[in-house]
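Please keep the sequence and the structure in view while reading.

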Amino acid sequence: VDGTSLSPPDYVLARPLSVYGEAMRGLRTALLVSNVDAPPRVVLFSSSLASEGKTTTVLSLGRSMALSGKRVVVVDADLRRPAVARGLGISPEAGLVEYLAGQVELDDVLLSDEASGMDVLPALAGAANAPDLLGSESMRILLEKLKTDYDLVLVDSPPILVVSDATV
């Protein structure tokens, strides 16, 4: 972006008044006014195929919203090829799968993006039963809890044409 070596989510932080920063503010505004009486609380980002910019958009939007004072959490629901933690340069020891399996508490897997203030619920690679986990009652309860704790829950999902997980 703009001849720098910054990733787009880092660019939002370094140059919030840039064209890219403005694009994220535009997306943020579009979401917030999409239903003025009841703005969305959970937004899922998907695409047709891999590498079309889902994670980049989710992280950039999440950081932009957090910088504006909103409480935001990003959930990495791409359980086969998670990229949220890598996109932020963090190495979690547990994530969404471990939480849904009851192995860890939510506070143990929620990480803070110190640069923006948004929270992240990462995923570790290798969930063979991803559709079952994402369609579980535990996942529904988790999303309901996050909706009460945050202004916006951004869900980074896998591509729709590649795996059935996003459809669930």
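The accessible surface of the protein amounts to about 8,400 Å², and carbon and sulfur atoms hold 52% of this surface. These areas come from the Shrake-Rupley method with a 1.4 Å probe, and for residues only the protein chains shown count as cover. The model is predicted: local features need pLDDT of at least 70, side-chain atom pairs count only at pLDDT 80 or more, and totals for chains, interfaces and linings use all residues. Residues are numbered from 1 along each chain as its sequence is written, and side-chain values use heavy atoms, with hydrogens and water left out.

Of the 168 residues in the protein, 44% are buried. Buried means under 20% relative accessible area, exposed means over 50%, and partly exposed lies in between, with a 1.4 Å probe and protein chains only.

The protein has 8 helices and 5 strands. Both are DSSP runs numbered from the N terminus: helices are H or I with at least four residues, strands are E with at least two. Read from the N terminus, the order of elements is α-α-β-α-β-α-α-α-β-β-α-α-β. The radius of gyration is 15 Å, close to the 15 Å that the globule rule gives for 168 residues, so the protein is as compact as a globular protein of that length. That radius is taken over C-alpha atoms, and the rule is 2.2 Å times the number of residues to the power 0.38. Along the principal axes, the C-alpha atoms fill a box of roughly 40 × 40 × 30 Å. Among contacts with a separation of 6 or more, 72% join residues 24 or more positions apart; contact means heavy atoms within 4.5 Å.

How do two of the helices pack? Two packed helices are described by the angle between their axes and the distance between the axes. Helix 2 (residues 19–33) and helix 3 (residues 54–67) pack at about 80°, with axes 9 Å apart. The axes are lines fitted to C-alpha atoms, for helices over the stretch in contact, and angles run from 0 to 180 degrees between N-to-C directions. Helix 2 and helix 3 are therefore roughly perpendicular, a term for angles of 65 to 115 degrees. On the helix 2 side the contact is made by Tyr20, Met24, Arg25, Leu27, Arg28, Leu31 and Leu32, which meet Thr56, Thr57, Ser60, Leu61, Ser64 and Met65 of helix 3. These residues divide into 7 nonpolar, 4 polar and 2 charged. Ala, Val, Leu, Ile, Met, Phe, Trp, Tyr, Cys and Pro count as nonpolar, Asp, Glu, Lys and Arg as charged, and the others, Gly among them, as polar.

Gly26 also lies in helix 2, and at 35% relative accessibility Gly26 is partly exposed.

Ser48 sits in the loop between strand 1 (42–45) and helix 3 and is partly exposed at 36%. Pro159 is 111 residues from Ser48 along the chain, yet their C-alpha atoms are separated by 5.2 Å. Leaving out residues up to four places away in sequence, Ser48 touches Pro159, Ile160, Leu161 and Val162.

Val109, in helix 6 (residues 106–109), is buried at 1% relative accessibility. Beyond neighbours within four places in sequence, Val109 contacts Ala94, Gly95, Tyr99, Val104, Val120, Leu121 and Pro122. Leu134, in helix 7 (residues 130–134), is buried with a relative accessible area of 12%.

Notes
Parallel < 35°, antiparallel > 145°, perpendicular 65-115°, else oblique.
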